[in-house]
Amino acid sequence: MVFYFIKPRMIVPEQQVSEISKDSGYITHAKKFDALQSRTGTHKPLGFDPQSSDSMDKYWNDRYETNVTTVTNIVKTGTNSTRVQITSVRKNKHFGTDDWELFSKIQFQNDCALEPGQSQILDILREYPPARDSSRLFTGAYAAKFVLYNICNEVNRSIDAEIRFESRVKTRLNKVNDFTETRIQRDYERHQEQCLRSWQSINEDKEQYWAVLKELYGDFPKDLFQRLMAVEYQQTF
């Protein structure tokens with residue numbers, strides 16, 4: 001997710017409901033880029049030193065609020081099957097601040113130097129005037145990286161699961177009997193359930209990011225949002 005630390009989901013049967021990452025570091029090359037925005041007027045000191053990778057890392061690692069929020073989603077996985085997803089999240093306490101915008105700009109520009117394809121994100125955002133003229137342009141751009149990263153991981157997991165499922169089916173088809181047919185059917189149902197959860201996770205990430213864009217820039221256009229979600233590049237995490 002974009003602005004939350006998410007613990008692994010717990011999947012529990014509906015009848016039991018009532019009973020119930022290590023982040024990558026970043027190396028900063030602030031002198032190499034025009035990353036430092038002019039800070040006119042009276043400002044409190046920065047929460048990090050833009051020219052110190054240790055300071056940047058500390059700011060990044062200290063971004064979570066201490067309060068944990070629990071989100072519960074009820075998901076139908078079949079005609080007579082319902083599961084409950086319980087997710088724990090902690091918000092990014094720096095989000096929306098001038099410091100986080102500057103941090104996002106430095107990190108985004110550093111990453112674009114390593115992988116120029118990421119600049120597409122900024123190009124698309126700038127097509128929308130409220131985003132282009134916003135003081136939070138890089139906040140939205142840096143957030144997009146995480147959504148696309150999560151989607152990429154989820155798709156890769158789904159592909160791997162599909163390959164493993166097909167391999168198991170081929171193996172069991174060579175030993176067809178009542179028992180193996182039953183196991184194939186159960187395996188198929190579990191596989192379908194896993195695929196459903198993957199697409200639900202992707203859709204949740206997209207919906208949360210679109211909500212963030214609307215919070216930052218107003219009624220963000222759907223066509224631009226869809227283009228953002230279609231950006232592909234080699235991740236540099």
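1. Asp111 counts as buried, at 5% relative accessibility, where buried means under 20% relative accessible area, exposed means over 50%, and partly exposed lies in between (1.4 Å probe, protein chains only). Asp111 lies in helix 2, and helices here are DSSP runs of H or I with at least four residues, strands being runs of E with at least two, both numbered from the N terminus. Asp111 and Lys145 stand 34 residues apart in sequence, and 9.9 Å separates them in space, C-alpha to C-alpha.

2. Before going further, please keep in mind that this is a predicted model, in which local features need pLDDT of at least 70 and side-chain atom pairs count only at pLDDT 80 or more, while totals for chains, interfaces and linings use all residues. Residues are numbered from 1 along each chain as its sequence is written, and side-chain values use heavy atoms, with hydrogens and water left out.

3. As for the overall layout, the secondary structure of the chain comes to seven helices and four strands, and along the sequence these follow the pattern β-β-α-β-β-α-α-α-α-α-α. The chain has 237 residues, of which 40% count as buried.

4. Helix 2 and helix 5 pack with their axes 8 Å apart, at an angle of about 55 degrees; the axes are lines fitted to C-alpha atoms, for helices over the stretch in contact, and angles run from 0 to 180 degrees between N-to-C directions. The two helices are therefore oblique to each other, since angles under 35 degrees count as roughly parallel, over 145 as roughly antiparallel, 65 to 115 as roughly perpendicular, and the rest as oblique.

5. Which residues of helix 2 and helix 5 meet? On the side of helix 2 they include Trp100, Phe103, Phe108 and Asp111, and on the side of helix 5 they include Leu137, Phe138, Tyr142 and Lys145; contact means heavy atoms within 4.5 Å. The residues of this contact divide into seven nonpolar, four polar and four charged, where Ala, Val, Leu, Ile, Met, Phe, Trp, Tyr, Cys and Pro count as nonpolar, Asp, Glu, Lys and Arg as charged, and the others, Gly among them, as polar.

6. Helix 2 also packs with helix 1, and the axes of this pair come within 12 Å and cross at roughly 120 degrees, so that helix 1 and helix 2 are likewise oblique to each other. The crossing of helix 1 and helix 2 is left-handed. Met56, Tyr59 and Trp60 of helix 1 make the contact with Asp99, Trp100, Phe103, Ile106 and Gln107 of helix 2, and by class these residues are six nonpolar, one polar and one charged.

7. A further pair is formed by helix 3 and helix 5, whose axes come within 10 Å and cross at roughly 130 degrees, which makes helix 3 oblique to helix 5. Is the crossing of helix 3 and helix 5 left-handed or right-handed? The crossing of helix 3 and helix 5 is right-handed. The contact is made by Ile121, Leu122, Leu125 and Arg126 of helix 3 together with residues of helix 5, among them Leu137, Ala141 and Leu148, and it has eight nonpolar, one polar and two charged residues.

8. The largest nonpolar core has 39 residues, of which Ile121, Leu125, Tyr209, Phe220 and Leu228 touch the most other members; such a core is a set of buried Ala, Val, Leu, Ile, Met, Phe, Trp, Tyr and Cys residues joined through side-chain atoms within 4.5 Å. The elements giving two or more residues to this core include helix 3 (119–126), helix 6 (178–217) and helix 7 (222–229), and helix 5 gives the most, with 10 residues. Not counting residues up to four places away in sequence, Phe220 touches Leu125, Tyr128, Trp210, Leu213, Lys214, Phe225 and Leu228. In soluble globular proteins, nonpolar side chains tend to be buried together.

9. Two more residues deserve a look. Met229 lies in helix 7 and counts as buried, at 13% relative accessibility; leaving aside neighbours within four places in sequence, Met229 is in contact with Val147, Leu148, Ile151, Lys206 and Tyr209. Arg90, by contrast, is found in strand 4 (residues 82–91) and is partly exposed, with a relative accessible area of 22%.

How values were computed:
Left-handed = near helix turned anticlockwise from the far one by under 90°.
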